[in-house]
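Dear colleague,

I am passing on the structure we spoke about, with a short account of what came out of it. Please look it over before reading my notes below.

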Amino acid sequence: MSGFLSWWDGVEEWLIRLPFVPQLLVTLIVVVPLAIIAAMVLSEVVEVVTGLAARLGEFTAKTWKAQFSARFSADLEPPDDGAAASNASGRPTVGGES
């Protein structure tokens with residue numbers, strides 16, 4: 001590791017001693033490709049994370065919708081305990097009719 005750090009110090013000294021225009025050109029030649037590579041890697045990471053989040057969201061939405069509709073439909077259905085009043089014709093009575 002110390003060998004790499006020694007080499008890097010030499011590169012920094014060389015770059016600092018260059019005039020502005022060559023210093024700018026060397027920096028652009030190194031920084032622009034690194035920035036492009038970093039952007040591509042970051043884009044792929046974002047694609048993977050958003051894909052996973054979308055799948056999780058779809059699963060959660062389906063599960064929530066199924067649970068909600070099961071609870072909602074259970075609340076709307078009358079209890080089937082045979083307690084519903086009916087008249088002689090077998091039809092349920094409405095509003096107190098007999």
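By about how much are Phe-4 and Trp-7 separated in helix 1? They are separated by about one helical turn, because they stand 3 residues apart in helix 1 (residues 2-17), helices being DSSP runs of H or I with at least four residues, and strands runs of E with at least two, numbered from the N terminus.

The model is predicted, so local features need pLDDT of at least 70 and side-chain atom pairs pLDDT 80 or more, while totals for chains, interfaces and linings use all residues. Residues are numbered from 1 along each chain as its sequence is written, and side-chain values use heavy atoms, without hydrogens and water.

The chain has 2 helices and 0 strands, and of its 98 residues 0% count as buried (under 20% relative accessible area, with exposed over 50% and partly exposed in between, for a 1.4 Å probe and protein chains only).

The Phe-4 and Trp-7 rings are tilted, since their centres lie 5.8 Å apart and their planes at 35 degrees. Trp-7 and Trp-8 also form a tilted pair, with 6.1 Å from centre to centre and 50 degrees between the planes. Phe-4, Trp-7 and Trp-8 thus make up one aromatic cluster, in which Phe-4 is partly exposed because its relative accessibility is 48%, and Trp-8 is partly exposed at 40%.

Best regards

Key:
Phe/Tyr/Trp six-rings, centres within 6.5 Å; stacked < 30°, edge-to-face > 60°.
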